[in-house]
Amino acid sequence: MIDTYAGLDDAEIAVAAARAGAEVVRTGYGRRHSRIEKGAGDFATDVDVTAEEAILAVLRAARPEDAVHGEEGGQRGAADAERRWLVDPLCGTLNYAVGSMLVAVNVALTDGPVAVADPFSGEVFFTREGTAWVRGEGGRGGDTPLAPTAATRLVDVNLDPPFPGAPAFRAVDLLAHPRFVEGFRPRVVSSTLALAWVAAGKRAAYVTDGNGLAGSVHFAAGIALCRAAGCVVTGVDGAPAGESGRGLVAAADAETHGALLSMIRRRS
């Protein structure tokens with residue numbers, strides 16, 4: 001299996017790993033799945049676990065010295081390893097469990113390439129040397145550079161609890177802001193898929209609260225993808241989105257980002 005990945009760079013390894021997880025997710029869609037309760041209404045399914053194992057198999061074969069932190073399995077490999085991969089095998093578990101295809105598979109090398117796979121469109125969004133690309137199913141059509149645009153005026157908003165910024169900031173309040181209603185239309189989707197769509201020009205922006213998102217298995221790949229595509233990415237407070245930052249506003253352009261941030265700051 002090692003020979004399969006011989007000579008591939010980290011970007012191709014990220015794509016291969018994300019595709020391996022996406023295949024498991026796609027194959028398991030529409031079936032009954034066992035649930036693994038995590039508490040506070042959160043849960044995983046057997047597909048989350050199996051998809052993570054498929055991703056790990058690729059990473060172990062291709063980069064056996066690297067550490068991996070998975071959403072389901074936690075830290076694997078040496079704690080002092082020079083390189084670490086962040087893996088979210090099924091972003092949008094609740095969507096998936098109720099038969100919605102709005103999910104994604106995330107693989108991110110810390111300070112390196114990332115890949116976000118859409119199991120149902122077959123697309124893989126990925127970064128290479130500071131640039132962002134999309135590759136179709138089976139590589140058909142080659143790789144196309146991502147081109148963010150706010151033309152759709154669609155904004156994905158994360159409405160899931162907890163709400164660490166409340167009462168000063170709650171995403172649900174943004175939806176009732178008069179200027180938001182005039183200029184945008186809200187959508188709710190898998191967080192990573194939403195970020196990939198911002199980078200690809202399918203969404204104008206994405207907004208969420210939360211803490212330490214840049215180093216999270218849920219958000220690291222999407223944030224890196226948006227940055228590489230040239231999106232404007234900050235916290236909800238306007239500060240750089242870092243591991244200690246607050247929330248996230250990722251927008252296709254500066255005008256959209258500024259408009260959303262001004263609405264948020266009025267409450268914060």
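1. A pocket here is an open set of points on a 1 Å grid over the protein atoms alone, with protein on both sides within 12 Å along at least five of seven lines, and its lining residues have an atom within 4 Å of a point. By that definition, the largest pocket is lined by 40 residues, and D42, N158, D160, P161 and H218 lie nearest its centre.

2. On provenance: this is a predicted model, in which local features need pLDDT of at least 70 and side-chain atom pairs count only at pLDDT 80 or more, while totals for chains, interfaces and linings use all residues. Residues are numbered from 1 along each chain as its sequence is written, and side-chain values use heavy atoms, with hydrogens and water left out.

3. The largest pocket holds about 1,100 Å³ of space, a volume being the space filled by probe spheres set on the points, which are joined across faces, edges and corners. Two or more lining residues come from each of β1 (35–39), β2 (42–45), β5, α3 (93–97) and β13 (205–211). Helices (H or I, at least four residues) and strands (E, at least two) are DSSP runs, numbered from the N terminus. β13 gives the largest share of this lining, five residues.

4. By type, the lining of the largest pocket has 18 nonpolar, 13 polar and nine charged residues. Ala, Val, Leu, Ile, Met, Phe, Trp, Tyr, Cys and Pro count as nonpolar, Asp, Glu, Lys and Arg as charged, and the others, Gly among them, as polar.

5. The second largest pocket has a volume of about 260 Å³. Its lining has 15 residues, with T110, D111, A214, A220 and A224 closest to the centre. β5, β6 and α7 (220–229) each give two or more residues to this lining, and the largest share, four residues, is from α7. The lining divides into eight nonpolar, three polar and four charged residues.

6. Eight strands form an open sheet with mixed pairing, in the order β4-β3-β5-β6-β7-β8-β9-β10. β4 (74–76) and β10 (143–145) are at the edges with a single partner strand each, so one side of each has no neighbour in the sheet. Strands pair if DSSP finds at least two bridges between them.

7. β5 (residues 84–91) and β6 (residues 104–109) pair in the antiparallel sense over five bridges. V87 stands opposite V107 in β6. Helix α1 (residues 10–28) packs on the sheet, touching β5, β6, β7 (114–117), β8 (124–128) and β9 (131–135), and its direction makes about 155 degrees with that of β6. Contact means heavy atoms within 4.5 Å; axes are lines fitted to C-alpha atoms, for helices over the stretch in contact, and angles run from 0 to 180 degrees between N-to-C directions.

Methods:
1 Å grid on protein atoms, 1.4 Å probe; cavity = no way out; pocket = protein on both sides within 12 Å on 5 of 7 lines; lining within 4 Å.
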